[in-house]
Amino acid sequence: MRNPIYLFIAIFTLCFLNVGVSADVPMKNVKMKLHEFDGVQYISGLEFADTQNIRTIFYEDKEKLEFRFPDSKVTISPHSSYIKVDDKIFHMYLPVIYDGTDFFIPAEPFMNILNNTSLPNAAIDSSEEYVVSTAPLYNVNNVKVVNKVNGTIIKIQTEKQFSQSVISASITRGGWLNLTVAGALIDSANIVNSPVEYPVMRVRAIQSQESAQISFMLKAKVDDYEINTTQNEILITLRVATAENADRIKEMRSKWLLDTIVIDAGHGGKDPGAVGKGGLLEKTITLDVAKKLGRMIEREMGVNVIYTREEDVFIPLWKRTKVANDSGGKVFISIHVNSSPSSRSAKGFETYLLRPGKTKDAIDVAARENGVIQLEEKNHEYKESSNENLILATMAQSSFMKESEFLAAEVQKQLDRVLSTPNRGVKQAGFHVLVGASMPNVLIELGFISNRDEAKLLGRSSYRRKIARSIFDALVNFKDKYETPLIVD
Ligand SMILES: [Zn+2]
């Protein structure tokens, strides 16, 4: 502590906070580096704006830099010693230095002005290396709109993770999406002035005692939205029915013919999938059922079949949907066998739709089936498979969701007719193998290899043929229902 007097001044000053924001907002201490030129101390204009979390506007023609506080405007000019705070002009005795990128403001006179207006007070700290000041402690800072091919994400930057339970949202008839966040302290000025793009036309922000509301005026009709949070963001994912999207789906549907079915035999090669008693492997069962089903489809339906694998080879998950899309597949069926080592009595068959998992069981199954990613050499392919992308992927598929739901229900119905094991129903979970399939798709778990009785059945070729026949029957009914003429709603 070389200069106790400065420290005293700093503490003294900060105790008498006098800031241009609502008195209810808690403040945090901030500091800016002091720069010295020719024995005079300066602070960087950009750092000042940054620590205050405010916007700056540079008017090139007028050579003026404006600091935008929530209810004040401060203007400086390069090489000029005049500074304007709202309509008042102050003289700093020393000019602002402009180096082409940053503006250096003489610290001493600038602090004087700050301390004599409604702006945040400032003082030089004891080390004489910094200017200390205060800035509002907001936990919700700004808004960004990110458009992706299949939807829009509104990203709200936050200082902490807000639990989903403190957030509520609704869309009004007038097209406002209202988001209420309990415990939020919003930087209204920043939020309202955040540059937005279609489909968000305007942003409004209202701070109240216990919560804050951020509202987005939406240009497009939103079909569906979902809210998620991360450590520093609140994400609102919107699926927007844009005209072009609707046209594309319409065109695709009018041409819809079930002429290619993609069958995906789960696992393979170095990835055995679930392992049962006596060395029975999931990958062997899935491949056999896939081939039996494929042959029935080709022979009896006259429909082209594409296999993601026809041998005992390892195929990464991402490649499986790529094969499906590249081949112009109209339906994607992924075949798997379940396992529950912790509960050997678990048995039965279930069919999954791609949606973020809702129940613990479903999440466990997805985690096991997605676990194969670790065996893939280039697992960076999945960096994009974050929660937000999964939600978009799911939403992209909602154009096929009706069809996928019908197929899943049909598969369960047909299996139920011939199998004596329990019908566990249609479920939903986030399977990577289904992400990106642009066609109706389902994932079938034929039975539990961990259950002694069911493993015995799954080991029999006749039982697997029965299963293949049931899936085939489901596909026949699916073809009947969805093949032309399709009604577009
Ligand atoms: Zn599997």
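A cavity here is a set of grid points where a 1.4 Å probe fits but cannot get out, and its lining residues are those with an atom within 4 Å of a point. Keep in mind that what you're looking at is a predicted model.

**The void**

With that definition in hand, a search of the whole structure turns up 2 cavities of 30 Å³ or more. Let's look at the second largest cavity, which holds about 40 Å³ of space.

Now on to S20, residues 260-265. This strand is largely enclosed by the rest of the structure, because 6 of its 6 residues are buried. In a regular strand, side chains alternate between the two faces of the sheet. In S20, Thr 260, Val 262 and Asp 264 point one way, while Ile 261, Ile 263 and Ala 265 point the other way, and all of them are buried.

Who sits beside S20? Strand S21 (residues 304-307) runs parallel to S20, and 4 bridges join the two. Within that pairing, Thr 260 stands opposite Asn 304. To get from S20 to S21, the chain passes through helix H6 (residues 282-301), making a right-handed β-α-β crossover. S20 also pairs with strand S22 (residues 331-338), again in parallel, this time through 5 bridges. There, Ile 263 has Ile 333 as its bridge partner.

**Salt bridges**

How many salt bridges does the structure hold? The count is 11. Here are some of them, with their N to O distances:

| Pair | N to O distance |
|---|---|
| Lys 283 and Asp 312 | 3.1 Å |
| Asp 288 and Lys 292 | 2.6 Å |
| Glu 350 and Arg 424 | 2.7 Å |

Start with the salt bridge between Lys 283 and Asp 312. It links distant parts of the chain: Lys 283 belongs to helix H6, whereas Asp 312 is in the loop between S21 and helix H7 (317-326), and the two are 29 residues apart. Lys 283 counts as buried because its relative accessibility is 11%, and the cut-off for buried is under 20%. Asp 312, at 44% relative accessibility, counts as partly exposed.

The Asp 288 and Lys 292 pair stays within helix H6: the two residues are 4 apart, so about one helical turn separates them.

Glu 350 is buried, with a relative accessible area of 1%. Arg 424, at 26% relative accessibility, counts as partly exposed.

One last stop takes us back to helix H6 and the pair Asp 288 and Lys 292. Together with Arg 464, Asp 288 and Lys 292 form one network, joined by salt bridges that share partners.

Key:
Residues numbered from 1 in each chain as written. Predicted model: local features only at pLDDT ≥ 70, side-chain atom pairs only at ≥ 80, totals over all residues. Heavy atoms only, no water. Buried < 20%, exposed > 50% of the residue type's maximum accessible area, 1.4 Å probe, protein only. Pairing = 2+ DSSP bridges. Right-handed = clockwise from strand over helix to strand, strands pointing away. 1 Å grid on protein atoms, 1.4 Å probe; cavity = no way out; pocket = protein on both sides within 12 Å on 5 of 7 lines; lining within 4 Å. Points joined across faces, edges and corners; volume = space filled by probe spheres on them. Salt bridge = Lys/Arg side-chain N within 4 Å of Asp/Glu carboxyl O.
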